[in-house]
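Here is my short note on this model. Please read it with the structure open beside you.

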Amino acid sequence: MADKTPPQKSNAPYAARIDPTKEGLSQDQMHFIRQVELEQWKRRTSKLRTRNVVTGLAIGALVLGIYGYTFYSVSQERIMDEIDEEAKRVRMQGPKTGAN
């Protein structure tokens with residue numbers, strides 16, 4: 001089984017998180033942090049935008065499919081109504097007996 005001990009904290013400076021408001025950072029360092037955050041935000045947003053477009057297209061295709069199927073099934077019902085009306089006309093034109 002895997003060892004259940006928590007991972008040890010790293011003493012490496014690149015793995016440490018800093019709070020820009022509490023650290024004494026220069027203007028250049030703050031500018032660099034903002035640039036890096038902006039690039040990360042742009043990268044994440046483009047991935048999300050792609051996923052949103054794909055999801056929107058899938059939902060739109062589903063809606064159009066349901067819409068098309070509804071029109072198709074309604075047109076089938078109209079044909080059945082026409083057949084019923086035609087059968088009624090034939091019955092009316094037929095010979096009159098006591099059973100009609």
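1. Start with two side chains, Tyr 67 and Phe 71. Both are exposed. That label calls for over 50% relative accessible area. Keep in mind that this is a predicted model.

2. How many aromatic pairs does the structure hold? It holds 1. The partners are Tyr 67 and Phe 71. Their ring centres lie 4.9 Å apart. The planes make an angle of 75 degrees, and the pair is edge-to-face.

3. Now look at the whole fold. The protein has 1 helix and 0 strands. Of its 100 residues, 1% are buried. The accessible surface comes to about 10,100 Å². Carbon and sulfur atoms account for 59% of that surface.

4. Next, the annotation. An unreviewed UniProt entry lists residues 52–72 as "transmembrane region". In the model, that span is 100% helix and 0% strand.

5. Is Ile 79 buried, exposed or partly exposed? Ile 79 has a relative accessible area of 42%, so it counts as partly exposed. The limits for that class are 20% and 50%.

6. Finally, find the nonpolar surface patch. Ile 79, Met 80 and Ile 83 make it. Ile 79 can take part because a patch residue needs over 30% relative accessible area, and Ile 79 has 42%.

Notes
Residues are numbered from 1 along each chain as its sequence is written. This is a predicted model: local features need pLDDT of at least 70, side-chain atom pairs count only at pLDDT 80 or more; totals for chains, interfaces and linings use all residues. Side-chain values use heavy atoms; hydrogens and water are left out. UniProt positions are given in the numbering used here, feature names are shortened, and annotations may be inferred rather than shown by experiment. Helices (H or I, at least four residues) and strands (E, at least two) are DSSP runs, numbered from the N terminus. Rings of Phe, Tyr and Trp (its six-membered ring) pair if their centres lie within 6.5 Å; planes under 30 degrees apart count as stacked, over 60 as edge-to-face and the rest as tilted. Buried means under 20% relative accessible area, exposed over 50%, partly exposed in between (1.4 Å probe, protein chains only). Patches are made of residues with over 30% relative accessible area and no salt bridge: like charges are joined within 9 Å, nonpolar side chains (Val, Leu, Ile, Met, Phe, Trp, Tyr) within 5 Å. Accessible areas come from the Shrake-Rupley method with a 1.4 Å probe; for residues, only the protein chains shown count as cover. A salt bridge is a side-chain nitrogen of Lys or Arg within 4 Å of a carboxyl oxygen of Asp or Glu.
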